[in-house]
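Please look over the sequence and the model before reading the notes.

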Amino acid sequence: MEQVMIILIGILVSVATYLILSRNMIRIIIGTAVLSHAVNLLIMTSGGLKTGNVPLLGHGDGPYTDALPQALILTAIVISFATTAFLLVLAYRTYKTNGSDDFNELRGMSDE
């Protein structure tokens, strides 16, 4: 199962890299969102699936499950959502102001 997740992470990173290297602003924003999903999958895969008891005092002995990967993924999802929403608002405002979302047209100098 881990090999499938690693292949999926590689595919997502390559798709995100392709989208980030484009000239269209919306594709770049989607690429950053896909890259954040790939990082979340990487954290989940590196954390692994562990079975054990909850890490609370008084709940018996034995192996405990580490909750750190889940906490990191939850935090990353919230930050990724906020960043994507902010970038979408900036892209919308840039399109309304300049009439284009192509970075070559937004460079400023037309004689280059």
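The notes below go from the chain as a whole to its helices, selected residues and surface.

The model is predicted. The chain contains three helices and zero strands, so that its elements, read from the N terminus, run α-α-α. The radius of gyration of the chain is 20 Å, whereas a compact globule of 112 residues would have one near 13 Å.

**Overall form**

- The C-alpha trace of the chain spans about 70 × 30 × 15 Å along its principal axes.
- Of the 112 residues in the chain, 21% are buried.
- The chain exposes about 8400 Å², and carbon and sulfur atoms supply 69% of that area.
- When contacts between residues at least 6 apart in sequence are considered, 55% of them join residues at least 24 apart.

- Helix α1 covers residues 2-20, and M1 belongs to the segment before α1.
- M1 counts as exposed because its relative accessibility is 73%, and the cut-off for that class is over 50%.
- Although 44 residues separate M1 from T45 in sequence, their C-alpha atoms are 9.5 Å apart in space.
- L19 is placed in helix α1 and counts as buried because its relative accessibility is 15%, where buried means under 20%.
- Not counting residues up to four places away in sequence, L19 touches R27, I28, I30 and G31.
- L19 and T32 are 13 residues apart in sequence, and the distance between their C-alpha atoms is 8.2 Å.

**Helix α2**

- Helix α2 covers residues 25-47.
- The 23 residues of α2 should span 33 Å at 1.5 Å a residue, and this agrees with the 33 Å between its end C-alpha atoms.
- The buried residues of α2 are M25, I28, I29, G31, A33, V34, S36, A38, N40, L41, T45 and G47.
- Both α1 and α3 are included in what covers these buried residues of α2.
- N40, a residue of helix α2, counts as buried because its relative accessibility is 9%.
- Leaving aside neighbours within four places in sequence, the contacts of N40 are I73, A76 and I77.

**Helix α3**

- Helix α3 runs over residues 68-98 and has 31 residues.
- From its first C-alpha to its last, α3 reaches 44 Å, close to the 45 Å expected at 1.5 Å a residue.
- P69, I73, S80, T84 and A91 are buried in α3, and what covers the buried residues of this helix includes α2.
- I73 lies in helix α3 and is buried because its relative accessible area is 14%, under the 20% cut-off.
- With neighbours within four places in sequence left aside, I73 is in contact with N40, I43 and M44.
- I73 and L41 are 32 residues apart along the chain, and their C-alpha atoms are separated by 8.5 Å.
- G99 follows α3 and has a positive phi, near 80°.

**Salt bridge**

- How many salt bridges does a search of the whole structure find? The search finds one salt bridge.
- In this salt bridge the side chains of D102 and R23 meet, at 4.0 Å from N to O.
- The pair links distant parts of the chain, as D102 is in the segment after α3 and R23 is in the loop between α1 and α2, 79 residues apart.
- In general, side chains of opposite charge can pair when their charged atoms come close.

**Nonpolar surface patch**

- V13, I20, L35 and V39 form a nonpolar patch on the surface, and their accessible area together is about 250 Å².
- Helices α1 and α2 each supply at least two residues of this nonpolar patch.
- One of the patch residues is I20, which is found in helix α1.
- Is I20 buried, partly exposed or exposed? I20 is partly exposed, because its relative accessible area is 31%; residues of a patch need over 30%.

Conventions. Residues are numbered from 1 along each chain as its sequence is written. Side-chain values use heavy atoms; hydrogens and water are left out. Patches are made of residues with over 30% relative accessible area and no salt bridge: like charges are joined within 9 Å, nonpolar side chains (Val, Leu, Ile, Met, Phe, Trp, Tyr) within 5 Å. Accessible areas come from the Shrake-Rupley method with a 1.4 Å probe; for residues, only the protein chains shown count as cover. Helices (H or I, at least four residues) and strands (E, at least two) are DSSP runs, numbered from the N terminus. Buried means under 20% relative accessible area, exposed over 50%, partly exposed in between (1.4 Å probe, protein chains only). The expected span of a helix is 1.5 Å times one less than its number of residues. Contact means heavy atoms within 4.5 Å. The radius of gyration is taken over C-alpha atoms; the globule rule is 2.2 Å times the number of residues to the power 0.38.
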